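Hi everyone, thanks for coming. Let me put the structure up on the screen, and then we can walk through it together.

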Amino acid sequence: MKTTTRHLYGLILTLFVIGIGVFTYRHFVLDVPLTDSETVNSWMVEANLRFTAERNKPVKASFTIPYMPLNFAILDEYFISHNYGVTTSLIGYNRQAVWSLRRSTGPQSLYYRAIFRETDKNESYLPKPHLIKSPLPSESMKTAVETIIGQARQSSADIQTFAQSTFKALNTKDGNAKLLVGNDFTDDNIVSAAILVMNQAKIIAIPIQCIHLSQQSKADFKLFTAIYNGKDWIYINPRTGVTGLPKDYLIWQYGNEAMFDVVGGKKPTFTLTVSPTPINALSIAKVRGLQTDSQLLRFSLLQLPVNAQQTFKILLTIPIGAFIILLLRNFIGLTTFGTFMPVLIALAFRETHVVWGIVLYTIIVSLGLLARFYLDQLRLLLVPRLAAILTIVIILMIFISILSQNLGLESGLSVALFPMVILTMTIERMCITWDERGAYEAIKAGAGSLLAAVIAFGAMSYTPLQYLIFAFPELLLVLLALILWFGQYRGYRLLELFRFRALAGVQ
């Protein structure tokens with residue numbers, strides 16, 4: 001007995017751990033949302049390169065597009081043009097889109113459109129760079145650089161604080177800063193001067209062009225600096241010296257190379273537009289399931305055809321209804337005709353709705369009971385009697401449907417959704433209980449079955465619970481563990497405590 005108990009509780013624990021473990025992994029690692037209404041911050045960014053093609057000359061146009069941007073993932077991207085061939089390639093730290101056409105003339109417009117979603121990926125893909133020290137053009141500039149390096153080293157403890165001190169010194173606009181930056185203290189000039197200083201200090205730094213996604217419509221580039229500290233890349237605001245890239249800033253290009261280029265065309269203009277487009281998180285999980293190597297996403301209910309998904313959404317609620325019946329019977333003490341009959345009646349309530357479903361159930365069972373009592377007088381065997389009751393139930397359904405149609409009661413047409421065999425067995429079992437234990441017990445069991453069906457319907461039709469079971473079917477393992485655990489209960493039921501409450505005072 002003890003061995004059996006240990007085996008049972010080991011099985012319960014195993015099912016529970018596996019179910020919760022897979023659920024946790026699917027939600028936190030694979031980003032499957034907990035509700036179907038959850039949305040993810042996402043933006044649509046459109047880059048547009050316009051130019052005028054020279055008559056009867058080959059055209060080759062290119063511009064930089066994002067590649068594995070920090071804090072973002074590319075959900076989808078489109079290359080839009082008229083008759084152009086499009087290729088992409090990695091050049092240094094950047095990805096470049098190249099459009100080409102043998103012959104063209106007149107105004108041309110090339111589009112790149114992508115949808116970016118917010119992620120928690122805050123590690124850069126950039127490889128470890130190599131330092132190439134540039135010579136200084138003049139002795140006075142060398143002196144200014146050495147002065148700023150000396151000041152920065154005195155007020156810093158590592159590469160990050162050194163870089164921050166450098167930007168602080170260049171923003172003071174003193175003599176050394178003016179010599180390196182010039183008279184115009186723009187972001188471009190400050191970043192160029194800072195990179196020059198850090199280059200002489202054997203620190204690797206590159207400029208990066210970002211766009212602020214919170215901007216509406218046309219987006220402007222914002223310049224930051226990426227510093228390599230020997231292990232990771234650090235991003236610094238050249239004006240404030242604050243480290244870290246804001247969450248709503250998208251890195252478009254690394255380095256100071258030209259953003260775009262046109263061969264065989266003139267008067268090029270390059271613009272970016274941004275528009276927020278929140279996307280349903282479940283849709284993103286489905287797309288990732290088609291693209292990822294994770295078997296939990298590829299082989300999941302989310303990848304089934306839509307009609308199959310609807311079927312499984314219904315089927316997966318049946319264990320929930322059975323669990324509710326278990327609680328009502330084993331802990332509350334509610335009397336029902338079996339376990340599955342209330343669950344299937346609850347399924348029928350999905351279409352008939354509760355109130356009209358109760359009316360139809362009561363009418364059919366009452367008339368069926370009358371027919372069953374009449375058949376008793378004919379002394380039929382069990383199988384012919386059940387076949388006769390089934391036929392009568394179907395006749396009653398037809399009659400109610402036709403009557404409802406003529407009376408303009410559309411809800412009455414849903415009577416055909418009731419499981420006929422279950423109604424037949426309910427009538428049979430209710431009649432047997434009536435004969436063996438009396439009318440009170442039969443009516444109590446019938447009413448209990450109807451009440452259990454209503455409660456089960458409430459749980460089975462609860463939309464957040466439906467979604468959870470469908471998106472995370474491993475939770476059925478947790479439900480199974482609870483069923484096995486509750487199946488060990490041998491104590492009094494709640495209604496029995498009221499029934500035998502008088503015995504509580506007996507010593």
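So, which strand gives the largest share of the lining of the largest cavity? That's strand β10, residues 249-254, with four residues. When I say strand or helix, I mean DSSP runs, numbered from the N terminus: helices are H or I with at least four residues, strands are E with at least two.

Before going on, some housekeeping. This is a predicted model, where local features need pLDDT of at least 70, side-chain atom pairs count only at pLDDT 80 or more, and totals for chains, interfaces and linings use all residues. Residues are numbered from 1 along each chain as its sequence is written, and side-chain values use heavy atoms, with hydrogens and water left out.

Back to that cavity. On a 1 Å grid over the protein atoms alone, a cavity is a set of points where a 1.4 Å probe fits but cannot get out, and lining residues have an atom within 4 Å of a point. For the volume, grid points are joined across faces, edges and corners, and you take the space filled by probe spheres set on the points. The structure holds one cavity of 30 Å³ or more, and about 40 Å³ of space lies in the largest cavity. It is lined by 11 residues, and the closest to its centre are Pro66, Tyr67, Ile251, Trp252 and Tyr254.

Next, the nonpolar cores. A nonpolar core is a set of buried Ala, Val, Leu, Ile, Met, Phe, Trp, Tyr and Cys residues joined through side-chain atoms within 4.5 Å. Buried means under 20% relative accessible area, exposed means over 50%, and partly exposed is in between, with a 1.4 Å probe and protein chains only. The largest core has 48 residues, and Ile345, Tyr361, Val393 and Leu423 touch the most other members. Several helices supply at least two residues each, among them α9 (318-332), α12 (382-407) and α16 (475-486). Which helix gives the most to this core? Here it's α14, with nine residues. Apart from that one lies another core, of 30 residues, including Met141, Phe162, Phe185 and Val191.

Now for charges. A salt bridge is a side-chain nitrogen of Lys or Arg within 4 Å of a carboxyl oxygen of Asp or Glu. By this rule, the count comes to nine salt bridges. Take Arg26 and Glu474, whose closest N and O atoms are 2.9 Å apart. Arg26 sits in helix α1 (residues 2-28) and Glu474 in the loop between α15 and α16, so this pair ties together parts that are 448 residues apart in sequence. Are these two buried or exposed? Arg26 counts as buried, because its relative accessibility is 6%, and Glu474 is buried too, with a relative accessible area of 7%.

Another bridge joins Arg372 and Glu428, with the closest N and O atoms 2.8 Å apart. This pair links helix α11 with helix α13, 56 residues apart, and both Arg372 and Glu428 are buried. There's also a network: salt bridges that share partners join Asp187, Lys222 and Arg239. Within it, the closest N and O atoms of Asp187 and Lys222 are 3.5 Å apart. Asp187 is in helix α5 (residues 187-200) and Lys222 in strand β8 (residues 221-228), 35 residues apart. Asp187 counts as buried, at 18% relative accessibility, whereas Lys222 counts as partly exposed, at 24%.

Ile332, Tyr489, Tyr492, Leu494, Leu495, Leu497 and Phe498 make a nonpolar surface patch of about 670 Å². Patches are made of residues with over 30% relative accessible area and no salt bridge, with like charges joined within 9 Å and nonpolar side chains (Val, Leu, Ile, Met, Phe, Trp, Tyr) within 5 Å. Accessible areas come from the Shrake-Rupley method with a 1.4 Å probe, and for residues only the protein chains shown count as cover. Helix α17 (residues 494-499) gives the most to the patch, with four residues. Leu495 is in that helix and counts as partly exposed, at 42% relative accessibility.

Last, some backbone angles. Most residues other than glycine have a negative phi. Lys202 has a positive phi, near 60°; its place is the loop between α5 and β6 (204-212), and it counts as exposed, at 62% relative accessibility. Lys267 also has a positive phi, about 55°. You'll find Lys267 in strand β12 (residues 265-276), and it is exposed as well, at 68%.

Conventions. 1 Å grid on protein atoms, 1.4 Å probe; cavity = no way out; pocket = protein on both sides within 12 Å on 5 of 7 lines; lining within 4 Å.
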